[in-house]
Amino acid sequence: MNISFSRFIAAIFILQALSSGCSRAPDFAQVEDGEMLSGGATTFQKTNPDVSLSRESYSQAAVNLSIGQRNKFALGNAFFTAPWQPESSVESSRTGLGPLFNAAACQDCHIRDGRGHPPTESLSESSVLRVALINGEPDPIYGHQIQTRALPGFLPEAVPDIYWQNSSVALADGETISMRKPFVVLEQLHYGPLADGHGLSLRVAPAMIGLGLLESIAASAILAGEDVGDSDGDGISGRVNRVWSQETSATVIGRFGWKAGQPSIRQQSLLAFQQDIGISSQLYPYQPCTSVQTDCLASQSSIRPELSDEIEEVLLFYASHLAVPARRWHDRKEVLAGKALFHTLGCAGCHQPSWRTARLDNHPVLSEQLIWPYTDMLLHDMGEGLADGVSEYSAQGNEWRTAPLWGVHLAKAVGGAEVGFLHDGRARDFKEAIMWHGGEAQASREAWASLKRDDREKLIWFLKSL
């Protein structure tokens, strides 16, 4: 683990100055221009952020869409939310489900366009199991993902049992934080055993908001943030994941997925259609059947691709233009104090607050927007506590893309109390999420855990404002 001791000590000195009422507060303790509008001109602004929060706050269109674009957005929403059906003699634009799948609709995973639910004893519809060998290659029988559901007449790939290991950690002043970690056991592997040296990774679906804005950040700007060898000595050495683009047949930077394993909204979405719903597309024209799954191979649809170009277009438009909600409480005293801590503790070293999207003549809605996603879009070593043993391209088991924090204050309002944080939903609140940070983030975690309780709560107030 690379812990920057100098950064830890510097943070403590600054925090002591803040706690003692020092009048020379850092600049980042002030309100910054535009920071309330997390998605720039696309931001969905609630009329009163202090009253009951809408469960539909993640499902709003970018506010600067035209009327015609809003109609296209609404059509995409209809295909996103409605369940897909098996192929039948009845002509329908929503057929092609399965035969092996995890969910019947996009909305089943991305609940009201937000996070999925972590499983309890068995896998939930909004979580999946990724599988890979040590070298990142797919399992020869089960591929890259376990399909846990099947149409009548077919066998699902496996039945997972989920066990949660509970523990607790005591902070310096005696406050105790409960922790939990999932363990997966696969029962009824219907097509044979997994290969030796496999890794299993439980993943919950991430929120859909702001994807088009993240895709609109120039690749050169993301690459400029790389610091592979930690040349500045701050203990942080982020790097991009270089992945294969099905669209361009070239290696490009990864942007989406928990390990930045996908380069575009299109590829991420169409791979999910194939792997999660069992629906083929122009980019992925076949079912995710392996050579031993003969019944699955024999069932390949005569209609290929099953997802038409027209439906693909409106679905991708919808996914690209879901608005980010405005922040709340951005000018409150305790929130600004928490913002100062967020910077002095080093959290902003990975959770980069703001970006400006590139000039996009063909996408003026998303063009040249000042946005506040709180991510650097890079991979970081997060320590063995979060390691899953599954590699994706150059991302190793202990590496994860910095998760965006925008709109996080609405996560449970949208998805319910079951919603958790981190890739597998293990963290039930912000404190648990912080305490799972290791590797490059360990110094920041230890600095937060060493604060007085009132100061720790200021950082939580800041997170609750995003």
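Modeller: In the largest nonpolar core, which has 91 residues, Trp84, Phe342, Trp448 and Leu463 touch the most other members. The largest share of this core, seven residues, comes from helix 8. This is a predicted model: local features need pLDDT of at least 70 and side-chain atom pairs count only at pLDDT 80 or more, while totals for chains, interfaces and linings use all residues. Residues are numbered from 1 along each chain as its sequence is written, and side-chain values use heavy atoms, with hydrogens and water left out.

Colleague: What makes a set of residues a nonpolar core?

Modeller: A nonpolar core is a set of buried Ala, Val, Leu, Ile, Met, Phe, Trp, Tyr and Cys residues joined through side-chain atoms within 4.5 Å. Buried means under 20% relative accessible area, exposed over 50%, and partly exposed in between, with a 1.4 Å probe and protein chains only. Another core, of nine residues, lies apart from the largest one, and Tyr142, Ile146, Ala158 and Leu202 are among its members.

Colleague: What is Trp448 in contact with, leaving aside its neighbours within four places in sequence?

Modeller: Contact means heavy atoms within 4.5 Å. With those neighbours left aside, the partners of Trp448 include Leu171, Ile177, Leu345, Lys431 and Arg456.

Colleague: Why is helix 8 described as largely enclosed?

Modeller: Nine of its twelve residues are buried, so helix 8 is largely enclosed by the rest of the structure. Among the buried ones are Ile311, Glu312, Phe317 and Ser320. Their cover includes helix 2 (67-81), helix 4 (211-215) and helix 6 (265-277). Helices here are DSSP runs of H or I with at least four residues, strands are runs of E with at least two, and both are numbered from the N terminus.

Colleague: How does the reach of helix 8 (residues 309-320) compare with what is expected?

Modeller: The expected span is 1.5 Å times one less than the number of residues. Helix 8 reaches 16 Å from its first C-alpha to its last, close to the expected 16 Å.

Colleague: Why is Val240 called buried?

Modeller: Its relative accessible area is 1%, so Val240 falls under the limit and counts as buried. Val240 lies in the loop between helix 5 (219-224) and strand 8 (242-245). Beyond its neighbours within four places in sequence, its contacts include Ile222, Leu223, Leu378 and Ser394.

Colleague: How do you know that Cys289 and Cys296 form a disulfide?

Modeller: A disulfide is a pair of cysteine sulfur atoms within 2.5 Å. The sulfurs of Cys289 and Cys296 are 1.9 Å apart, so the pair meets that definition. The link is left-handed, with -55° about the S-S bond. A search of the whole structure finds one disulfide.

Colleague: What makes strand 2 (residues 127-133) and strand 7 a pair?

Modeller: Two strands pair if DSSP finds at least two bridges between them. Strand 2 and strand 7 have seven bridges, in the antiparallel sense, so they count as paired. In strand 7, Gly199 is the bridge partner of Ala132. The open sheet has three strands in the order 3-2-7. Strand 3 (145-146) and strand 7 (198-204) are its edges, as each pairs on one side only.
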